[in-house]
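These are my notebook entries on one protein structure. I set down what I looked up, entry by entry.

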Amino acid sequence: MADLRSLLSDGRVHVLDGAMGTMLYDHGIFVNVCYDELNATRPELIEDVHAQYVRAGAEIIETNTFGANPVKLSSFRLEDRTGELNRLAAEIALRAANGRAAVAGAIGPLGIRIEPLGPTSRGEARDYFGSQVDGLLEGGVHGFILETFSDLAELEQAFRAVRDRCDLPVIVQVTVGEDRKTTTGASARQAARAAEDWGADAVGLNCSVGPAVVLDGLERMAEVTSLPLSAQPNAGLPRAVGDRKMYLTRPDYTARYARPLIDAGARLLGGCCGTTPDHIRLISERVAAIQPRGTSVRVTREPSPTASANPAPPLAERSGLGRRLATGDFVTSVRVLPPRGWDTAALVKDCRAIAAAGANVIAIHEDRGGARLDVLATAAVIARSCPGAEPLVHYTCRDRKLPRMMSDLLGAAATGLHNLLLLTGDPPGPGPYPDYRSVVDIDSIGLTNVVTGLNAGVDPSGSGIGGPAGFVTGVALNHTARDRERELGRFHWKLDAGADFAVTQPVFDAARLREFLAEIEQEIPVIAGIVPLESDRQAEFLQNEVPGVHVPDRVVERMRRAQARGAGRAAAEGAKIAREVVGALQGVVAGIQIAADREAAEAVLGFH
């Protein structure tokens with residue numbers, strides 16, 4: 001009977017299996033199918049794939065459960081079957097192994113971000129993983145492989161979920177890109193150190209780009225840990241062939257990396273995406289002819305990058321906006337949109353006029369509903385061309401992956417753009433690209449945590465960035481939310497994440513905002529959103545069709561009466577209502593942010 005713990009401790013090289021998804025796809029199972037449900041609906045197919053890998057020489061096979069956690073299964077309304085599908089997967093793999101291979105329960109990421117990058121707590125994540133572990137244990141697995149993780153915080157919760165329930169061996173594997181780092185910025189060395197600190201039985205790399213990148217990452221892991229190392233690279237990068245993505249790297253190319261990987265310290269070798277029994281057969285043949293290197297692994301200990309984190313600079317020293325917030329000077333901000341083309345002359349003219357009218361901040365709103373000039377580029381133009389007002393960048397998380405956000409934020413710090421309003425972003429409305437679908441990698445809470453780390457001089461992985469970034473971080477606050485409990489909860493998460501100020505939804509009822517702020521016992525300055533109404537139609541639209549905006553009936557009625565006297569009267573009445581709200585909020589809020597065209601903004605600024 002194969003014993004995973006013995007295989008990990010005997011000092012020899014052992015062979016893992018290859019891809020399950022690739023094999024299922026080749027059998028006509030399309031990607032819109034829940035592969036984990038096949039444990040119940042097509043057990044004979046799953047067993048056959050496992051058996052092929054065992055015949056090819058795999059000594060350790062993984063259960064067909066990479067995505068069998070309740071979060072991912074919920075996409076198929078199968079979350080209630082988490083335990084069952086994992087148990088069946090383990091039983092199928094054990095039948096296929098038939099005592100000739102050890103069976104490891106495969107656990108992949110949840111597919112959502114956890115704190116501090118997302119709203120899911122570490123405890124919730126551990127519970128999700130725990131329900132999967134329970135099913136795999138019931139099915140009789142010999143140990144676990146936690147694979148394809150990019151967030152070490154999430155990987156740790158998966159590991160803790162196993163350790164809470166058993167002492168079976170655990171292999172942990174991360175995936176890195178061509179820069180040899182995970183998408184959250186963790187290096188291979190950091191992953192290896194973390195795995196050893198947790199008490200993992202082996203650590204390694206899987207998926208990633210291909211054998212060459214995995215080899216380089218494994219060499220770096222070997223420098224900092226004495227744990228057995230594992231390597232399961234992809235069969236290179238997929239190529240587009242017609243309407244399919246296919247891995248065309250030949251099995252002999254993948255197998256040629258067996259010796260370099262073993263020389264680097266690998267004790268477990270297999271494959272990931274695109275690899276087949278043919279790849280594993282050749283790897284097995286190479287392993288049989290190679291003995292592990294005789295030299296011991298060199299272990300070095302480097303100080304943890306997080307230990308070098310510095311306190312963030314005082315708020316008043318980060319920017320002019322930071323100074324105003326810290327000293328209590330009233331913030332007067334006007335929101336503008338970037339142009340649809342590259343020419344910024346008209347925008348600069350408007351911003352100069354707005355600054356001359358009394359605005360000390362120009363907020364650049366990011367409208368992701370259509371193609372406009374990049375918000376950071378627009379802010380740089382305003383900073384250079386409008387010395388009387390400082391830019392505040394509205395930065396949305398929607399449609400950006402974390403590495404892209406990191407690049408943007410580092411670029412902002414390098415170019416002197418220090419004021420940020422972080423927003424998750426609304427779903428896209430009708431636009432010129434009807435087939436477009438939005439994605440959110442991390443939300444505004446997670447990004448606020450990231451920016452707080454940058455202000456301490458470290459990125460999400462704990463690596464230094466060359467010193468504190470000095471951002472002034474704003475977040476949104478919906479004082480009229482229907483689900484007040486959820487809004488309060490998210491607001492307090494934003495406070496915990498390190499927000500410096502908040503900007504409300506448009507305020508048309510000053511008393512309602514005053515009551516809300518008294519209830520939350522505000523801990524940071526709050527800037528009130530102000531929208532001067534232009535017509536009764538706009539008032540009715542905001543009242544009835546825009547979630548999160550409250551326009552009292554009395555305001556709508558005032559706009560109707562003014563509209564009856566002419567469009568100019570309606571705009572004047574809208575500006576008058578805005579001025580009344582601003583006056584009623586004096587001494588309550590730290591400032592205002594006006595969302596209007598230049599003329600309407602000047603009408604409100606002239607009053608203030």
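**Entry 1: Salt bridges**

I began with arginine 220 and aspartate 216, whose side chains meet in a salt bridge at 2.9 Å, N to O. I take a salt bridge to be a side-chain nitrogen of Lys or Arg within 4 Å of a carboxyl oxygen of Asp or Glu. Arginine 220 and aspartate 216 both belong to helix H10 (residues 211–222) and stand four residues apart, about one turn of the helix. Helices (H or I, at least four residues) and strands (E, at least two) are DSSP runs, numbered from the N terminus. Arginine 220 counts as partly exposed because its relative accessibility is 29%. The classes I use are buried (under 20% relative accessible area), exposed (over 50%) and partly exposed (in between), with a 1.4 Å probe and protein chains only.

I note that the model is predicted, that local features need pLDDT of at least 70 and side-chain atom pairs pLDDT 80 or more, and that totals for chains, interfaces and linings use all residues. Residues are numbered from 1 along each chain as its sequence is written, and side-chain values use heavy atoms, with hydrogens and water left out.

How many salt bridges does the structure hold? I found 32 salt bridges. Side chains of opposite charge can pair when their charged atoms come close.

I then looked up aspartate 441, which forms a salt bridge with arginine 113; their closest N and O atoms are 2.8 Å apart. Aspartate 441 sits in the loop between E14 and H18, and arginine 113 in the loop between strand E3 (102–107) and helix H7 (122–139), so this pair ties together parts 328 residues apart in sequence. Are the two residues buried or exposed? Both aspartate 441 and arginine 113 are buried.

A further salt bridge joins arginine 484 to glutamate 519, with 2.7 Å between the closest N and O atoms. This pair links distant parts of the chain, 35 residues apart: arginine 484 is in helix H19 (residues 484–497) and glutamate 519 in helix H20 (residues 510–520). I recorded arginine 484 as partly exposed because its relative accessible area is 27%. Glutamate 519 is also partly exposed, at 43% relative accessibility.

**Entry 2: Helix H17**

I checked the length of helix H17 (residues 402–414). At 1.5 Å a residue, its 13 residues should span 18 Å, and the end C-alpha atoms are 18 Å apart, which agrees. The expected span is 1.5 Å times one less than the number of residues.

Which residues of H17 are buried? I listed Leu402, Met405, Met406, Asp408, Leu409 and Ala412. They cover an arc of only 165 degrees around the axis, so they lie on the same side of H17. The arc is that of the directions from the helix axis to the C-beta atoms. Among the elements that cover these buried residues are helix H16 (375–385), strand E13 (390–396), strand E14 (419–423) and helix H18 (444–455). Just after H17, glycine 416 has a positive phi of about 85 degrees.

**Entry 3: Glutamine 593**

I located glutamine 593 in strand E18 (residues 591–595). Glutamine 593 counts as buried because its relative accessibility is 7%. Beyond its neighbours within four places in sequence, its contacts (heavy atoms within 4.5 Å) include Ser333, Leu392, His394 and Ile527.
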